[in-house]
Amino acid sequence: MIALLGRWLVLAALAAAASGAVLGFTAARKSAGALQWTRRLAYVFALLMAGANVLMEYALLTHDFSVSYVAQVGSRASPTWVTIVSLWSSLEGSILFWGFILGLYVAGAAFWMRKKHVEAQPWILGVMLACGVFFAFLIAGPANPFHTIANPPMDGPGPNALLQNHILMVVHPPTLYLGYVGMTVPFAVAAAALFTGRLGADLLKTLRLSLLVPWTFLSIGIVLGGWWAYEVLGWGGYWAWDPVENASLLPWLTATAAIHSAMVVERRKILSGWTTTLVLATFLLTILGTFMTRSGVFNSVHSFTQSDIGPTFLVFLGMGLLFSVFLLAARIGLLEGKGRIEDPKSRESTFLLNNLFFVMLTFTVLLGTVFPLIVEAAQNRQISVGEPYFNRMAVPLGVAVLFLMGVGPALPWGKVSWKKLWSALLPPAAGGVLALSIGVALGGRAPWLLVTLFCGGYTLWVTVDAMILPLRRGKLAQSLAVMFTVGRRRLGGYVIHLGVAAILIAVAVSSTGKVTTEATLRRGGTAALGPYTLVYQGSSTATDPHRTATIAHVDVLKDGRQVASLSPRMNHYFTMREPVGTPAVHSTLKEDLYLSVMSLDQGGEVLGLRAFINPMVIWIWIGTAILSLGALLSILPPGKLAGRIALSRRRAPASAPPPAPEAGLALSSSEEGTA
Amino acid sequence: MSASRSAKKMKWFAVAALAIAGGAFAFIALGGLGENLVYYWDASEMKSAGNKAVGATIRLGGQVVPGSIQFDEGTSNLAFEVTDGKEKVAVRSVGVPPQMFRENIGVIVEGTLTKAGHFESHRLMVSHGNEYQAPHEGEKVDTHELMKTADGVSPDEVAR
């Protein structure tokens, strides 16, 4: 019954998206009434998708095993939170959930622009709903989670144990999806700019905002994925250049490039065509990523055709690629502005370099990710591309991007004299030298670590300097008000830079300064790890309805004093044959102590332990929190207060004169920003 | 400042940017991929690769030979043999083996073949296929199928 209703909801959503798309591309361009109907159909699509998802949650929570997806991932023994997140724990459910998020974005965008972009809006709605057609088709056909099972089983296996093992599984996939799916909106906006042949200031603002929102979710989602791997998988790291990780990184790289080139469009009226190209590429990379992770193509190039989902995605990817290439070829000439870069020493030049590096990074990662697929398809040989390739390629480019994050904001827009150039670029070197000295004093010796530290220190200096710039002008209270209102977008951009610099420094330090040991301990036995001594005190067991856990108790001593007591565990899920370990992590601002159980016998007499000191890892999570805050600052609308301040400044320029920028860090108005 | 002069500057800038890009691509073409490939082989394939296997990064899949496991708790030195039903390879590694590690189980080891003739592994993964069964006498183990199900090969794959 529920399965039948679900199928009908999805089919209705398909119909709504299809008719909305057709209407958007045709009648809505000429009549306001038709445009209004297109918007209504967008809302209907979103409601139907939401309804289908609610229905699936209902089926999961009531353990209705006559619904095929519930029979696949449901289990009566699972705790309620696991049952709820089961929606996105397996293929069909995750695509249904994708449809829900797409509906959210489509309806949100339609509502947000209901009184804007009369010319572009039909195209935007049409493209978004066309994507909706594809996903609704996917859910209705190849990935249908609503099949009826004639003889429903009494109980199901429950979701994969690795997914049940950590609470981060509740937030990581939705965040990542909000990033991935959200790229549909800037894609539609960029396509609309190409269709209409215009990327005006208003549409550019919409494009920037529609990029920033999913970019923020994608950034958080990628880091949460790393965090999940760190907290669950037990190998002491958070990133392994796994194809699945790369798939999420690729659109992030191009989206980051697009956000920056959009600022050059805003300032210098150039790069419109290039920016739309980057946005289209971002969307295609999200589809490629979904294809790679959802079709099982990495398990085998030859077996992915066993389900219809892979080929369907491939067709959609091909169609999207053709659409983008033809659209660009036909219309990009209309977008080219008359402006040009006046000076290679200017800020806009660093943006160009930034774009170049991001494209090179994208190419590098894409090549390394796709290469094994090509080899297997062509030669039927199994290979993979090792981590050293990625590290060797991505580290120099990443460091270059980190350094540019310092150079760019230090330089003014437009023409820059040599004198100005040096007076802007030299002082921050003090920050670089400071960071470098601290690193060397604490024992850092790896060459790339030292380069990263210098560039990181340089960038932090520039960023902090730029952030507090408004405070150096006029009265403190007024400056603060300006900073958080009209200057908020600019501030937000620098806060994001602060977070990214923290993340990159932490990645460099944690990947070069790792200390590790493995030991087999009997009760009371000890092992040395750097300055610490680990003492195995014995084990205990805990029983939940769906699993039992064997917990090892390990005391950590330093200079004879206990600093922590850690309890890494081994979970035995009743539906799984193998145990799943959960490492224990003791985090401080300086370093993480990370213990992982390799093996533990029944009585807890012998413990196989793997232990790591991972320096500064917590700064990756802190940096991400800073990044999120910065994104929030630059996304939220300035509000009424900002308008009033801007007005008062305009009325009485004498009372608060914006002094001529000395080092060229122009703070003219809210137009200035780094993101 | 004449327009032509800054246009010239612009051109130089473009040339410099393209040179950097071109250099990076050469960098990729020369060093990157080729040197860092990881080969997925079973014991027979590795033997037939001969000297090519020495020093190359290899993911060797196979089954743990009964009675071959030697583990020293004090030093965490582990030695065992891996077979595909035809050839046997001696594997050495340092580290505590995972809980599921035992005789006859399917494993993947990552590392390289040494000149001395044994396989030096820095990563040991255990297959977690639920239906895994020991092959019958003389039957070849499908090591490539095994690699798909090995624990830790691509652990994130299930999640995202």
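Me: How many residues stand between E4(A) and E5(A) in their hairpin?

Reply: Strands are DSSP runs of E with at least two residues, helices are runs of H or I with at least four, and both are numbered from the N terminus. Two strands pair if DSSP finds at least two bridges between them. In this predicted model, E4(A) and E5(A) form a hairpin with three residues between them. The two strands run antiparallel and share 11 bridges. A:Ala542 stands opposite A:Ala549 in E5(A).

Me: How should I read the numbering and the cut-offs of the model?

Reply: Residues count from 1 along each chain as its sequence is written, while chains are lettered from A and ligands numbered from 1 in the order in which they are written. The model is predicted: local features need pLDDT of at least 70, side-chain atom pairs count only at pLDDT 80 or more, and totals for chains, interfaces and linings use all residues.

Me: Which strand forms a hairpin with E3(A)?

Reply: E4(A) does, with two residues between them. Four bridges join E3(A), residues 526-529, to E4(A), residues 532-543, in the antiparallel sense. A:Ala527 has A:Leu534 as its bridge partner. In the turn, A:Gly530 has a positive phi of about 55°.

Me: Which residues other than glycine have a positive phi here?

Reply: Most residues other than glycine have a negative phi. Among those with a positive value is A:Lys269, with phi of about 60°. A:Lys269 lies in the loop between H11 (243-268) and H12 (272-294) of chain A. Another is A:Met616, with phi near 65°. A:Met616 is in the loop between E11 and H21 (618-635) of chain A.

Me: Is A:Met616 buried or exposed?

Reply: Count the other C-beta atoms within 10 Å of the residue's own, with C-beta atoms placed from the backbone: 20 or more is buried, 12 or fewer is exposed, and in between is partly exposed. A:Met616 has 21, so it is buried. A:Lys269 has 15, so it counts as partly exposed.

Me: In what order do the strands of the open sheet in chain A run?

Reply: The order is E2-E11-E10-E9, four strands with antiparallel pairing. E2 (515-522) and E9 (584-587) stand at the edges, each with a single partner strand, so one side of each has no neighbour in the sheet. E10(A) and E11(A) pair over nine bridges.

Me: How many residues does each chain give to the contact?

Reply: Two residues are in contact if their C-beta atoms, placed from the backbone, lie within 7 Å. Chain B gives 37 residues and chain A gives 51. On the chain B side, H1 (3-35), E1 (37-42) and H3 (143-149) each give two or more. H1(B) gives the most, with 11 residues.

Me: Which strand of chain A is joined to E1(B)?

Reply: E1 of chain A, residues 383-385. Three bridges join the two strands, which run antiparallel. A:Val385 has B:Leu37 as its bridge partner.

Me: What is the mean pLDDT of chain B?

Reply: pLDDT is the predictor's confidence in each residue, from 0 to 100. The mean for chain B is 77, and 69% of its residues reach 70 or more. Over residues 129-140 of chain B, pLDDT is below 50. Residues 151-160 of chain B also stay under 50. The model as a whole scores ipTM 0.77 and pTM 0.90.
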